[in-house]
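Visitor: Could you walk me through this protein, one question at a time?
Guide: Gladly! Have a look at it first, and then ask away.

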Amino acid sequence: MPLNVSHPSLRRSGEASVEGVLNQLVLEHLQLAPLQWDVLVNGKPCDCDVVADCRSGDAVSLEVQLTNLSKNSVGPLALTVVPYQDYQNGVQNYELEDAVTFIGSNTFYIDTVKPKESSVCVGALLFLYTGDFYLNIKFQDDSAGRDLPLAWFTLPSVHIRALEPPQQAGA
């Protein structure tokens, strides 16, 4: 089915079609599997509208659980956690090597997850300074036999506020 396209300011018009572009392979990759992602920070569920508080200098546990609610197996997947600071003016700082460190790796590999089963990735971070930080959690299909280029899917960012450590008595 062609689409009629008109650009009056350019004095151009014509027809466009997606015929032949959306083949079955592309459609299968565009259709997202019903996956449930749960993120826990220090053992507490963390939604995109909740700020998780922690103390700078203390290890912060991070769990990302995938539950496969589809009828088919999914995976393998690669999951990567990238910390950043959002200055709320359109600028995001991803160069936080001196402010945030991972205890272990920031990339996790999830093997195939069968229908109705779950897989959990467990890691930890250390915030060296106080401030508001965000975790960009993204995943991609990690199977070797892919016919399409890599595509990243991103979960809603996790907001973590690193606070001052408590003052020591007598300090």
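This is a predicted model: local features need pLDDT of at least 70, side-chain atom pairs count only at pLDDT 80 or more; totals for chains, interfaces and linings use all residues.

Visitor: Which element gives the largest share of the lining of the second largest pocket?
Guide: The largest share, four residues, comes from β3.

Visitor: What volume does the second largest pocket have?
Guide: Here is a general idea to start with. Rolling a probe the size of a water molecule over the atoms shows where empty space is left. For the second largest pocket, the volume is about 230 Å³.

Visitor: Which are the edge strands of the open sheet?
Guide: The open sheet has five strands, in the order β4-β3-β6-β11-β9, with antiparallel pairing. An edge strand here pairs on one side only. That describes β4 (44–45) and β9 (100–103).

Visitor: Are the rings of Tyr-84 and Tyr-134 stacked or edge-to-face?
Guide: There are four aromatic pairs by the rule used here. In this one, the ring centres of Tyr-84 and Tyr-134 are 5.5 Å apart and the planes meet at 20°. Planes under 30 degrees apart count as stacked, so the pair of Tyr-84 and Tyr-134 is stacked.

Visitor: How many residues apart are Tyr-84 and Tyr-134?
Guide: Tyr-84 sits in strand β7 (residues 77–86), while Tyr-134 belongs to strand β12 (residues 131–141). Their pair links distant parts of the chain, and they are 50 residues apart.

Visitor: Are Tyr-84 and Tyr-134 buried or exposed?
Guide: Buried means under 20% relative accessible area. Tyr-84 and Tyr-134 are each buried.

Visitor: Which residues form one aromatic cluster?
Guide: Two of its members have come up already, Tyr-84 and Tyr-134. Tyr-94 belongs to it too, and the cluster is Tyr-84, Tyr-94 and Tyr-134.

Conventions: Residues are numbered from 1 along each chain as its sequence is written. Side-chain values use heavy atoms; hydrogens and water are left out. Rings of Phe, Tyr and Trp (its six-membered ring) pair if their centres lie within 6.5 Å; planes under 30 degrees apart count as stacked, over 60 as edge-to-face and the rest as tilted. Helices (H or I, at least four residues) and strands (E, at least two) are DSSP runs, numbered from the N terminus. Buried means under 20% relative accessible area, exposed over 50%, partly exposed in between (1.4 Å probe, protein chains only). Two strands pair if DSSP finds at least two bridges between them. On a 1 Å grid over the protein atoms alone, a cavity is a set of points where a 1.4 Å probe fits but cannot get out, and a pocket is an open set with protein on both sides within 12 Å along at least five of seven lines; lining residues have an atom within 4 Å of a point. Grid points are joined across faces, edges and corners, and a volume is the space filled by probe spheres set on the points.
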